[in-house]
Protein chains: 2
Amino acid sequence: MSVKGVGAGHAGDPSALRKLNVAAVLRLLYAAQASGAAGAGEVTAADRYTVTEIAQAVGISRPTAEDVVDALVEQGWLAAAAPRPATPGRRSAGRPARTIAFDSQAGCVVGVDLARHSVRALVADLAGRVIGRADYPVADGASAAERSAAARTAITEALRLADRDPAQILAAAAATVGIARADGQVVRSTIPQMEGHSIGELLGAFLPVPVRVANDMRAAVLAEYWAGAAAGCSSAVYLHVGRRIGSSYLIDGVSPLGHHGAAGEIPPESGRQLVDAYRKLVSFTGVGVDTLPRDEMLGIDPLTVFEAAQRGETDARRAVVDFADEFAAATEGLVITVDPEVVVVGGGVVVAGDIAADAIRSRLARVCMFEPRVVVSPLGESAAAMGAIRLALTDFEETLFSNPFARGRTAEEAG
Amino acid sequence: MSVKGVGAGHAGDPSALRKLNVAAVLRLLYAAQASGAAGAGEVTAADRYTVTEIAQAVGISRPTAEDVVDALVEQGWLAAAAPRPATPGRRSAGRPARTIAFDSQAGCVVGVDLARHSVRALVADLAGRVIGRADYPVADGASAAERSAAARTAITEALRLADRDPAQILAAAAATVGIARADGQVVRSTIPQMEGHSIGELLGAFLPVPVRVANDMRAAVLAEYWAGAAAGCSSAVYLHVGRRIGSSYLIDGVSPLGHHGAAGEIPPESGRQLVDAYRKLVSFTGVGVDTLPRDEMLGIDPLTVFEAAQRGETDARRAVVDFADEFAAATEGLVITVDPEVVVVGGGVVVAGDIAADAIRSRLARVCMFEPRVVVSPLGESAAAMGAIRLALTDFEETLFSNPFARGRTAEEAG
DNA sequence: ATGGTTATCCAAAAAAGTTTCATAATGGGC
DNA sequence: GCCCATTATGAAACTTTTTTGGATAACCAT
C-alpha cells in the first residue's frame, strides 16, 4: 500500500490504465440507460451500444473496447442486448453488430422514508425504475424499535413485490426528519423517540449493505432534481407543506449540509410562528384544535383543508393562502440566498393545485431581485423515498466506477 | 479528435498514464509550497522533496519519478532547491539527495479590485505571496474607460514593484461590485457607469491572459477562506460593512453563483432599509447628510465613525451597534440558510474592533439553531483583491494540472 | 583515506494499448 | 438460389510506459 499524500492525485502503473478504461466504458453505458430515470417505458434504443460505438465514444481502440466489454460482461454489469431494429436511412448492409447494454437488472437498490406517521420503502432497479413499493402507517408514539421493525417489514414487502432477493441489494439509503450525523445517528428530530438512535445501524444490520442516512427534505429536493419538477435545475429550493413542514435547497446539484447539518432548515423562531399558523390551518378540519396541545395538534393531517380549498370552499382557500404566505415569509431568506432557478412546492398541499404556489409566488415577487419559477411537485408523498433511492444509486455508482470488479460492497470496505 | 460523450470519462492510451503521473507529481509539489499561502516567511522545508520521496508519495517507481521530474524541470515548473539542512535525528549518512521544489517564481498572477472609489492591483507569485501592490483612488463619477485606465496603471505599477514583466503573467482575475456574467460583462452594479461593459475585455486586451471576473464579495469570502479569518472553514458567511455594504457565502469551499448570479446578495427591500440605516450611521461624521441625495450620501466614508466608536465615543458606538444590528437583521436569513462554521465581518468596520461583530453575534444567537463563530477579518480592505488573486491562482492551477507542457494559456484555448 | 550508506543511472522484462490483417456473418443484387 | 459488398470479430506484431534489479557515483563518519 503506497501512502498517497494529500493532493498527490492518482497515479500508477499500466494497470491503472485498464481501470480508467473500464470505468469510462461503464460510465458510458450506465449513463445511457440511467438517463431515462423514472420514465420507465421509454427505452430509447440509445441505451445499447455496439462495441465499435463504445470504442469511438470512449476514445479507445476497438480491441481494447472488446476486451473491456468482455470483462464487464463476465462480471455481470453488462449484458448482450436485443439487436437494434433496422432503422430506416441507416446502413443495413454488413454483419450485424452485437449490442451491449448496462444490465439494470444486475441488482437493486432500496430507499426508505422514515416519516413521523408512516414508513415507506421503495425498491428500484439500477436504472432507477421503481419495481417495488410498500407503505405502512406508524403511530405517533411508536418507539425507535417499532419504527425500524416497520421499516424492515416494508422493505421485505417491497422486495417481494419486486421479485428480488435481499442478497441482490447493492445499496440502500434512508430519509428521515431531523438532523442525522454522517454515521446515521439522529441528533435532532421531531420524532423524539428517534433521537440518539442510529438509523444506519438499525437498518444496516438487516441489509447486506451499509445504509446511508439523510434528512428527508434534502432527499426530496434531490428527487425533484432527478425526476421531478426541478429536472435539469441544479439550483432549486424545495418547500414542503403538509403533515410535515420543511424546506431544503440544492446548489450545483447537491444539498449542502452546513457545518452543523442544519443548512436550509426553518429556524426555531420562524418555526414557532409557523406552528401558530398551522393551528389556524388545521382548525378548518373541524377538529377542535384550539385546546389541543402542540404535539397532538401537529399530528392532525391538513389534507381535508387542502381538498376543500381545491373544491373552491372560500374559507379553506383563504386558510391555505394565509398559511402559504406565512410559510413563504419564513423561507424567503432561503430563496434569496440560493437564487434558485425553480422553487418546488411539495407535500399534501399539492392536492390544492396552484393555490399555495400562487401565494408563495406573489410574496417572492415582492422580495426577490430575480424571481424563480414556482411549481408544484409531481412526486407527491413519495419525494423523500425517491430521494433515498437517488442517494442509494449515487452510492452504488461510486463503488461501481471506482471498483467494478468487486460486486456489492462489504461493511469492511465501507468502514 | 475522438468524440467524448457525456459521462464517458477519461480514457486513453499509455501516454495518458504519463499525463496522470506528471499531474500527480505537480500536484504534490505545488500543494507543498502553496500550503503556506499568504504566510510569506514560513518556508517549512516541507516544500521540497527528494526524488525518492516524490516516488513514494505519489505511488510510482523511482525511475518514473525521475523521468517526470526531469521533464518538469525542463519545462520550468520545478527547480532544484537548496539541499535540506541536516535535521538532527534524521539519517545523515549516504549520498545527499538533490531536492526538488515547485518554482513559485516561474510566473506570476494578477488580481484587481475595481471598487467604487478605488482601484487596487496585486501581483503574487505562484505560491500566492503578494510581491507587488498598487492602489489608486477613483472619482465617483469616473467612466468605465477611466476606471479601466486606472486599473491598467495600477497593474503596471504593481508589476514594476514586483520586478516582473507582463509576459510572466500566467493568470488574472478581477473583482468588482455588481453582478457579472460568465463572459465578464457587468449586468448590474452600484457603479452605473460600468453596467454593460465587459471587464474581461477591457483588461483582457491589456494582459496576455484572459481575465476572470467575479463579484467582489465572493472574492472576499474566498480570500478569507484562503488566508483570512475563515481559514479551514469551507462553509462561511462574509459580511462587509464599510463604504461598501455587501455579503456573500461559501459552501464546500466555493461561492455559488445562483441561477441569476445573485446568490447571497442583500435583497432590494433590505437594501433600502440599510440605506436609511447608513444615513444615520454617517450622520456622525459631522457632514450634513440629512439633505444629501442617496447617491452622494453613499459616497461618504463612515471610517471616522468607526474610529470614534473604537475610541469609545458613546454616540458613535451606538450608531455602529445600531447599524450592525440592522445589517444582521438583513442577513440573518443568509446565515440560517448556510449554517456556516464562521461569520466573517470585514470592511472599514474592522477598525472598530469587535463592536460590530458583537452586535451581529448577539442577534444571530437569537435566531440561529446553531450559532456560528463571528470573527473580524484580518485582511481589511485587501480582501477582494486577495480573492481575485485566489481566483487567478485557481485558474492557473487548472491549466497547469490539465496541460503542464503548454506554458501560459492562449486566448484561443480559453475560448 | 576508506567503508558504509544512499542517490543516480542503465538495461531487461512486463503490462496495456494500437495498428494491421485475416476471418466470419449478413443483406442485397444478379 | 448464388455471389459479393459491407461490416463485425478476432488474432498477431509493434509501441509506449512502467517496473524490477543491478551497477555506479557521491557524500558522511570513522
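This is a predicted model: local features need pLDDT of at least 70, side-chain atom pairs count only at pLDDT 80 or more; totals for chains, interfaces and linings use all residues.
Residues are numbered from 1 along each chain as its sequence is written, and chains are lettered from A and ligands numbered from 1 in the order in which they are written.

**Sheet of chain A.** I traced β2(A) and β3 (residues 99–102) of chain A, which pair in the antiparallel sense over four bridges (pairing requires at least two DSSP bridges; strands are DSSP E runs of at least two residues, helices H or I runs of at least four, numbered from the N terminus). I read the strand order of the open, antiparallel sheet as β1-β3-β2. β1 (48–50) and β2 (78–81) of chain A stand at the edges with a single partner strand each, so one side of each has no neighbour in the sheet.

**Two copies.** I laid chain B on chain A with an RMSD of 0.1 Å by a turn of 180° and a shift of 0.1 Å along the axis (least squares on C-alpha atoms of residues with pLDDT of at least 70 in both). The two copies are thus related as by a two-fold rotation axis. Of the residues of chain B, B:Gly333 comes closest to this axis, at 2.2 Å (C-alpha).

**DNA strand D.** I listed 30 residues around DNA strand D, with A:Gly94, A:Arg95, A:Ala97, B:Ser61 and B:Arg95 the closest (near means a C-beta atom, placed from the backbone, within 6 Å). The largest share of this surface, five residues, comes from α1(B).
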